[in-house]
Amino acid sequence: MGNETKTYISDLKDNVEKLVTLSGWLYQSRAGGKVLFLIVRDGTGLCQCIVEKGKVSDELFEQLRHLGRESSLMVTGTVRAEERSVGGYELAVTDAKILCAATDYPITPKAHGVDFLLKNRHLHLRSQRQWCIGRIRHTVIDAIRRFFNNNGFILIDTPIFTTIAGEGEQTLFEVDYFDRQLHLTQTGQLYLEAAAMSFGKVYCFGPTFRAEKSKTRRHLTEFWMVEPEIAYIDLAGLLELAENFVSFIVSRVLLNNKAELEVLGADIESLEKIKPPFYRLTYTEVADILTSEKTAEFMAEQLAELKNQKEQLEKKIEDLEKQQAAGVKKWKAEKIATEIMEIRSGLAELDVRIENNPKHASLAAGFEWGKDLGGSDETIISVMHDKPVFVTHYPKDAKAFYMKVDRANDKVVENFDLLAPAGFGEVIGGSVREDDYDVLLDKIKHEGYDVKTYQWYLDLRKYGSVPHGGFGLGVERTVAWLTGEKHIRQCIAFPRLMDKVYI
Ligand code: 4AD
Ligand code: MG
């Protein structure tokens with residue numbers, strides 16, 4: 001290794017025909033008789049490195065031929081533009097240095113079970129899917145900060161040890177704080193309301209903890225939430241802010257991560273449609289939709305469509321098995337085997353949906369005004385729409401104590417949830433806050449909370465109370481929607497689930 005430049009794979013485009021060195025890990029390799037195809041990754045991308053016998057020493061050629069997946073190495077060679085290669089460039093290798101030869105890397109190209117991959121998350125993070133999701137998450141978080149910072153919001157870091165409950169005492173994680181019981185934060189909102197009365201427009205962004213006793217694909221016990229809070233705003237103003245905010249996030253991901261979205265098989269065309277205005281429905285309208293004849297028909301059509309998809313996948317497996325039986329090269333056989341396993345896991349998901357469809361249809365048909373929307377109800381509404389849907393004005397008894405009672409109809413509150421399309425469900429929850437001292441005091445008592453603990457929160461309604469409100473967006477649910485990931489555990493590097501904490 002001499003006068004070559006150290007380069008990242010993402011910068012190969014500026015180094016065509018130059019001699020460069022990449023520092024990375026061996027992602028995949030394939031050997032012909034006199035040539036090796038090493039796919040190297042370096043954190044910024046993948047690059048095919050071609051090693052021809054005779055261009056490097058025989059000893060190195062043999063070492064590289066037997067090098068295991070995820071070995072670390074530095075490769076030197078000349079950059080060539082090659083459309084057919086991953087990333088559009090490849091390296092004609094002249095030298096290489098092996099730093100750590102890895103043998104028996106536990107994650108193989110074969111499909112593995114979810115449990116196995118989560119136990120090996122420290123390694124699985126290196127997979128292409130996790131890499132793509134992680135980069136998209138990074139863009140989402142960057143876009144969140146940009147949006148608020150560029151729109152006059154002040155960042156307030158709210159505490160993680162808290163004395164109050166924002167979202168119900170059932171999901172609090174208790175902490176023994178010296179001789180006192182505190183809990184981990186469920187929301188920064190209540191503290192943020194105090195800050196909004198000083199700064200006007202504020203936001204907090206951090207980890208959030210909920211002892212959710214639900215093992216669903218939408219719940220983590222530790223997740224990241226961003227919450228803006230604004231003084232002098234009404235419900236219409238909040239919806240407008242939320243749709244501009246979400247559209248901005250989507251546009252940043254489309255700008256920065258098209259390639260990753262493609263690898264993940266995300267629905268880019270649908271994401272391109274995400275622009276204001278979003279749909280607006282009241283809770284009461286949603287209740288009517290759920291119990292309508294049209295929804296029953298819609299669910300029946302969906303079931304037929306799912307069964308059709310199942311048939312097609314089964315046929316695809318049959319075809320692949322025929323190809324296998326006809327005899328193919330070893331690498332091709334492995335590729336087919338992986339494909340079959342992937343289709344099987346898709347089939348298993350379809351089976352679950354086919355089994356759930358009638359249950360969800362009957363839950364919707366029996367929906368009664370007054371209940372909170374369940375996951376399956378949200379899914380139905382969200383599948384019926386091609387853009388996000390705001391659902392506003394929920395029954396007050398189904399929602400948090402701090403939400404402002406609608407003065408025109410005291411059975412409902414001035415709140416909203418934003419449901420992402422294509423079945424992903426709630427990504428935002430928000431509301432106008434109760435700003436009347438006496439009404440709020442009654443609600444706190446009604447919840448059975450200790451008024452003393454909430455006195456500071458009540459004070460905000462005593463000293464210059466103003467109409468105000470805000471919302472919270474969950475990062476993992478947003479990333480799941482944008483990437484098309486079914487389970488939000490894939491959308492955070494080290495997930496915490498109710499029943500499982502792996503590493
Ligand atoms: O609807 P939630 O509970 O609203 C609040 O916490 C309000 N205090 C926000 C506010 O008005 N400032 O939660 C907001 C969002 C949900 O829409 C969802 O995206 C996410 O946080 N979320 C979760 N994400 C993953 N796992 C969980 N267990 C979640 N619970 C809520
Ligand atoms: Mg909610």
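Predicted model: local features only at pLDDT ≥ 70, side-chain atom pairs only at ≥ 80, totals over all residues.
**Stop 1: Thr-379 and its helix**

Stay with Thr-379 for a moment and colour residues 375–383, which form helix 12, the helix that holds Thr-379. Is Thr-379 buried or exposed? Its relative accessible area is 18%, and because buried means under 20%, Thr-379 counts as buried. Thr-379 and Ile-133 are 246 residues apart along the chain, and their C-alpha atoms are separated by 23 Å.

**Stop 2**

Next, select residues 161–162, 174–177 and 180–184, which are strand 8, strand 9 and strand 10. Together they make an open sheet with antiparallel pairing, in the order 8-10-9. Strands 8 and 9 each have a single partner strand and stand at the edges, so each of them has one side without a neighbour in the sheet.

Zoom in on strands 8 and 10, which run antiparallel and are joined by 2 bridges. To see a bridge pair, click on Thr-162, whose partner in strand 10 is His-183.

**Stop 2: ligand 1**

Now centre the view on ligand 1 and show the residues around it, 24 in number. Which of them come nearest? They are Glu-167, Gln-189, Arg-210, Glu-227 and Glu-426.

- Glu-167: an N or O atom of its side chain is 2.7 Å from a nitrogen atom of ligand 1.
- Arg-210: a polar atom of its side chain lies 2.8 Å from an oxygen atom of the ligand.
- Glu-227: a polar atom of its side chain lies 2.7 Å from a nitrogen atom of the ligand.

On its own, ligand 1 has 630 Å² of accessible area, and the protein covers 95% of that.

**Stop 3: the strands around the ligand**

To finish, colour strand 12 (222–231), strand 16 (425–432) and strand 17 (468–474), each of which supplies at least two residues of the shell around ligand 1. Which strand gives the most? Look at strand 16, with its 5 residues in the shell.

Notes
Residues numbered from 1 in each chain as written. Chains lettered and ligands numbered in written order. Heavy atoms only, no water. Helix = DSSP H or I, 4+ residues; strand = E, 2+ residues; numbered from the N terminus. Buried < 20%, exposed > 50% of the residue type's maximum accessible area, 1.4 Å probe, protein only. Pairing = 2+ DSSP bridges. Near = heavy atom within 4 Å. Polar contact = N/O pair within 3.5 Å; in protein donor to acceptor, adjacent residues only side chain to side chain. Areas by Shrake-Rupley, 256 points an atom, 1.4 Å probe, with all protein chains shown as cover.
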